[in-house]
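Hi everyone, thanks for coming along. Please take a moment to look at the sequence and the structure on the screen, and then I'll walk you through a few places in it.

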Amino acid sequence: MATLRDKKEKKKEKFSPEITSGVFIFPNGDKYEGDCIQTELGSLERNGQGTHTSVSGIVYEGSWANDNMNGKGKLTHPSNAVYEGDFVNNQFHGHGKYTWPDGSYYVGTFVENRLEGEGEFYDTEGQIWTGAFRFRAAPGLKFKLNMN
């Protein structure tokens, strides 16, 4: 005799969401244009490639999974600060590049939205500082001399 658990497992196996594309406006005015799936419960989730634009002007272009920024993407703020790289569950996580509005930028490792690990900082004068970054600290950075 099949149990309730067996029936639920069979139902899960049969459900296979299809990726569709469209434009969706959220109640707060945010806009999403791209791929999504309809979950087993009937709600829509961002999955695949898409662009989300907030009413405040923040734009994310890239990969989505489970309704979160996951994979490669680019997040642009109205201030012109830009992060381009790896995302995990809506956070900068992995390898990426963060550019400040003044044009200086960091290329390297991020952990949960923090500069964390080996990387290089390029200042507004074009000088390169390399070493280990620990969120807001970077003890022992070395100046990288380019003799071109």
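**A short walk through the strands**

Let's start at His77, which is found in the loop between β5 and β6 (82–88). Before I go on, a word on where this comes from: this is a predicted model, so local features need pLDDT of at least 70, side-chain atom pairs count only at pLDDT 80 or more, and totals for chains, interfaces and linings use all residues. Residues are numbered from 1 along each chain as its sequence is written, and side-chain values use heavy atoms, with hydrogens and water left out.

When I say strand, I mean a DSSP run of E with at least two residues, numbered from the N terminus. Back to His77: is it buried or exposed, or something in between? His77 has a relative accessible area of 25%, so it is partly exposed. Buried here means under 20% relative accessible area, exposed means over 50%, and partly exposed is in between, using a 1.4 Å probe and protein chains only. In sequence His77 and Ser54 are 23 residues apart, and their C-alpha atoms are 9.9 Å apart in space.

Now the strands on either side of that loop. β5 and β6 pair in the antiparallel sense, over six bridges; two strands pair if DSSP finds at least two bridges between them. Their hairpin has five residues between the strands, and in it Asn80 takes a positive phi near 80°.

Asp86 is the bridge partner of Lys72. With a relative accessible area of 17%, Asp86 is buried. What does Asp86 touch, leaving out residues up to four places away in sequence? The answer is Gly71, Lys72, Gln91, Phe92, His93, Gly94 and His95, where contact means heavy atoms within 4.5 Å. A polar atom of the Asp86 side chain also lies 2.9 Å from the backbone nitrogen of His95.

On to the neighbouring hairpin on my list. β4 and β5 also pair in the antiparallel sense over six bridges, and Glu61 has Lys74 in β5 as its bridge partner. This hairpin has two residues between the strands, and Asn66 takes a positive phi near 55° there.

Finally, charges. Side chains of opposite charge can pair when their charged atoms come close. How many salt bridges does the structure hold? There are four, counting a side-chain nitrogen of Lys or Arg within 4 Å of a carboxyl oxygen of Asp or Glu.

One of them joins the side chains of Asp67 and Arg46, at 2.8 Å from N to O. Asp67 lies in the loop between β4 (59–65) and β5 (68–76) and Arg46 in strand β3 (residues 44–53), so this pair ties together parts that are 21 residues apart in sequence. Asp67 is partly exposed at 28% relative accessibility, while Arg46 is buried at 13%.

Arg114 takes part in salt bridges too: with Glu112 at 3.9 Å, N to O, and with Glu116 at 3.6 Å, N to O. Through these shared partners, Glu112, Arg114 and Glu116 are joined into one network. Glu112 is partly exposed at 43% relative accessibility, and Arg114 is partly exposed at 27%.

Notes:
Helix = DSSP H or I, 4+ residues; strand = E, 2+ residues; numbered from the N terminus. Polar contact = N/O pair within 3.5 Å; in protein donor to acceptor, adjacent residues only side chain to side chain.
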